[in-house]
Amino acid sequence: MKRSLSGIKPTGNLTLGNYIGALRNFKNYQDEYENFIFIADLHALTLPIEPSFLRNNTKDIVAFYLAAGLDPEKTTIFLQSDVSAHSELNSILINYLYMGELSRMTQFKDKSQKMNQNAIGLGLFAYPVLMCADILLYNADVVPVGEDQKQHVELCRDLVHRFNNRYNKELFTMPTPVIPKIGARIMSLSDPSKKMSKSDPKGDIFLKDDLNIIRKKIMSAVTDTGSDVYYDPINKPGISNLMMIYAALSDKTIEEVNEQFKDIHQYGTFKKIVADKVIEEIGPFQERYKAIINSDLIDKVLEEGAKKASYVANKTLSKVKKTVGLYVRKK
Ligand code: TYM
């Protein structure tokens, strides 16, 4: 059976962008793939974060995974920090990626640019190395992610070539990033030239927002001049972003959505339809989340997940250790 793996970093409140670009799609893999979905809590330490905030976000993500339809019987749900093989493989792989390629990563450039240049953490720089460890430990065939993570998965592909060639064996499986056709990059509602992100509260829809707030945010989303509703990301980025959201949540193509809205000549009417759609999806999702977040299901799922994930990850780690020449005692 082929394997799928992905994860989310518990650095903030999850947004509708995370939901559409990633979370919502994870369950699609649990019937045909061996599905591994984790919480990238070690990655959350790459920028300063309040400990209690990190802990709460971590629990939230487990509840979100379950609320989004992940079934722990079919999907291994686990914490990155619970499986020590991630950190161990990271210490090995760090020797096989180059500083030049890491410094060219868009995410690193974006984040580090805004920081004091003398206080950029090594973990932020080496972020993609740990991501390679995450993916390669499970020999994932597919990695479902939003557009912004594609470059990291491509770097991982380069590493697989390099590693397999160097040791002249097919040790690691070549992972393929799977980017959704619709909704791979949801933009901010207040500035559609910027990605909707957890660290930018303006213009974000958070999955935990009150439904009335969600409606308000959509009704006051920045739009463009004119009154016709059609998809044109260059000249109508605000309207096009809302159309993307609508299309993704209705499982429709952009052409179908263009057709649906061609007779609407009022942005207000269009926005109301988008708001209804988002609320129709997020309302029941929030109800499921509320039923889970204070139950003991979270720890149970994580405990079981840690066992299953460690079993697979340790097997790979042991193969890697032997391959690079570390001495592994017979058990
Ligand atoms: P993170 O936590 O930043 O984002 C989680 C997922 O959400 C997607 N995403 C979006 N999709 C559409 N529109 C947006 N505005 C938007 N914002 C975020 C991201 O592309 C991502 O798929 N590095 C990863 C976590 C990670 C990982 C991995 C993923 C660690 N190791 C191994 C896959 C495989 C991250 O920070 O995602």
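A residue counts as buried when its relative accessible area is under 20%, and this cut-off is applied in the legends below to a predicted model.

View 1. Once residues up to four places away in sequence are set aside, Cys156 touches Cys132, Ile135, Leu136 and Pro175. For a sense of scale across the chain, the C-alpha atom of Cys156 is separated by 25 Å from that of Lys307, a residue 151 positions apart from Cys156 along the chain.

**View 2. The shell of residues around the ligand.** The ligand has 28 residues around it, of which Tyr127, Asp134, Asp148, Ile186 and Lys198 come nearest. Sorted by class, this shell consists of 13 nonpolar, nine polar and six charged residues. Strand E1 (3-8), helix H1 (16-26) and helix H7 (127-137) are elements that each contribute at least two residues to the shell.

**View 3. Nitrogen and oxygen atoms facing the ligand.** In the side chain of Tyr127, an N or O atom is 2.6 Å from an oxygen atom of the ligand. Backbone atoms take part as well: an N or O atom of the Gly146 backbone lies 2.9 Å from a ligand oxygen atom, while a backbone N or O atom of Ile186 is placed 2.8 Å from a ligand nitrogen atom.

**View 4. The tilted pair of Tyr96 and Tyr167.** A search of the whole structure returns 15 aromatic pairs, and one of them joins Tyr96 to Tyr167 in a tilted arrangement, with 6.3 Å from centre to centre and 55° between the planes.

**View 5. The edge-to-face pair of Tyr246 and Phe261.** The ring centres of Tyr246 and Phe261 are 5.1 Å apart and the ring planes meet at 70°, which means that the pair is edge-to-face. Because Tyr246 lies in helix H10 (residues 237-250) and Phe261 in the loop between helix H11 (254-260) and helix H12 (267-293), the pair ties together parts that are 15 residues apart in sequence. Both partners are buried, Tyr246 with a relative accessible area of 7% and Phe261 with a relative accessibility of 0%.

**View 6. A cluster of aromatic rings.** Tyr19, Phe64, Phe285 and Tyr289 are joined into a cluster by ring pairs.

View 7. Apart from neighbours within four places in sequence, Ser197 is in contact with Thr15 and Asp204. Ile234, by contrast, is found in the loop between H9 and H10 and counts as exposed, with a relative accessibility of 73%. The C-alpha atoms of Ile234 and Phe172 are separated by 40 Å, the two residues being 62 residues apart along the chain.

Methods: Residues numbered from 1 in each chain as written. Predicted model: local features only at pLDDT ≥ 70, side-chain atom pairs only at ≥ 80, totals over all residues. Heavy atoms only, no water. Contact = heavy atoms within 4.5 Å. Near = heavy atom within 4 Å. Polar contact = N/O pair within 3.5 Å; in protein donor to acceptor, adjacent residues only side chain to side chain. Helix = DSSP H or I, 4+ residues; strand = E, 2+ residues; numbered from the N terminus. Nonpolar A, V, L, I, M, F, W, Y, C, P; charged D, E, K, R; others polar. Phe/Tyr/Trp six-rings, centres within 6.5 Å; stacked < 30°, edge-to-face > 60°. Buried < 20%, exposed > 50% of the residue type's maximum accessible area, 1.4 Å probe, protein only.
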